[in-house]
Amino acid sequence: MISTRRTASRLIAGAVAATFALGLAACGDGGSADKAGQPDRIVFSILSAENQAASGPLWQPLLDDMSEEIGVEVAPNFATNYNGLIEGMRFNQIQVGWFSALPALQAVERSQGEIVARTVDSEGKDSYTSTLIVRRGSGITLDDVLACGKQYDFGLGDAQSTSGTLAPMTFLFGPRNINPTDCFRTVRSANHQANSFSIATGVLDVATSNSVNTVFLTRQNPQVASQIEQIWESPPIPESAIVVRGDLDPALKERIRSFFLTYGRGEGAEAERQRTVLAGLNYSGFNPADASYLDPIREMRLDQALREARADGDQEEVASIQTQLAELRARREVQP
């Protein structure tokens, strides 16, 4: 596995996040269990590019439908930090959540998370892309960015963001041996929405974003969206997941799985209403999934670690990571 030395900073960040996660108590953890072990209340956490004021009205109809279908109150929690989302599930203050791919993988590894579904966008795709954005009319090109020279202020995503950090490091900067802190005048981390506003107003010169944020920004802040242009796009990234704690009552867990896999399916007025709810989230439905669908994220993460190990001259670590990558790629090749 990836060396302890290389993951030490992540573990420290996780410890800090655990303290943050305890703050979710204000929202309440899962309600007390009945005699059959089923809680009377569960917390569903969401972290997206939008703030709570924008996200709440979009998600609440789905959560209301979920509560009615599974027979348990579903309380929303709008997380502001990826680590807080992961640690909240670890400490059982979140029982279900919408996770982008990298945090979903970490929830599986660290927080007893179990994947029950993956999202499908309004065009029927179960992937999205990371992007690099600049202010429209700035004249900044991708070649300009990759030339470095510490002339631009740069916005990365959260350290645990799939499209905001992992994908651009894997597909754009890593292969060119570019360290953003050495390349740009300043580097700051924020969510996609904040970075987009900073690009539009000239606070940042270049920032990471993603194709999902572009859709929401165009819909809800068209004036801001019109001030932004894209100069790079990544290969497809696995879409987000619905994650539940693995130790939930099995019957309840199955009702949650069934709810997502059937939501917006079929014919009739109710199915049409549900599809309208999904359209607000830019989804067309949910597909079955388990943790194996996150294998591309495992590959991306190992690819990053491999570059670090080679840079450090750690041949033992290089060999270990190459073995893990070979196993993942072999598994991908035999899948239909």
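This is a predicted model: local features need pLDDT of at least 70, side-chain atom pairs count only at pLDDT 80 or more; totals for chains, interfaces and linings use all residues.
Tutor: In helix H13, the buried residues are Asp295, Ile297, Arg298, Glu299, Met300, Arg301, Leu302, Asp303, Gln304, Ala305, Leu306 and Ala309.

Student: OK, and what are the end C-alpha atoms of H13 doing, how far apart are they?

Tutor: They're 25 Å apart. The helix runs over residues 295–312, so at 1.5 Å a residue its 18 residues should span 26 Å, and the two values agree.

Student: What follows H13?

Tutor: Gly313, and its phi is positive, near 70 degrees.

Student: Switching to aromatics. How many pairs are there in the whole structure?

Tutor: A search turns up 10 aromatic pairs. One of them is Phe154 with Phe173: the ring centres are 5.7 Å apart and the planes sit at 85 degrees, so that pair is edge-to-face.

Student: Which parts does that pair tie together?

Tutor: Phe154 is in strand S7 (residues 153–156) and Phe173 is in helix H6 (residues 162–173), so the pair joins parts 19 residues apart in sequence.

Student: Is Phe154 stacked or edge-to-face with Phe184?

Tutor: Stacked, because the planes are at 15 degrees, with the centres 4.3 Å apart. That pair links strand S7 to the loop between helix H7 (180–183) and strand S8 (186–189), 30 residues apart.

Student: Are Phe154 and Phe184 buried or exposed?

Tutor: Both are buried. Phe154 has 0% relative accessibility, and Phe173 also counts as buried at 0%.

Student: Which residues form the aromatic cluster?

Tutor: Phe44, Trp59, Trp98, Phe259, Phe260, Tyr263, Tyr283 and Phe286 form one cluster.

Methods:
Residues are numbered from 1 along each chain as its sequence is written. Side-chain values use heavy atoms; hydrogens and water are left out. Rings of Phe, Tyr and Trp (its six-membered ring) pair if their centres lie within 6.5 Å; planes under 30 degrees apart count as stacked, over 60 as edge-to-face and the rest as tilted. Helices (H or I, at least four residues) and strands (E, at least two) are DSSP runs, numbered from the N terminus. Buried means under 20% relative accessible area, exposed over 50%, partly exposed in between (1.4 Å probe, protein chains only). The expected span of a helix is 1.5 Å times one less than its number of residues.
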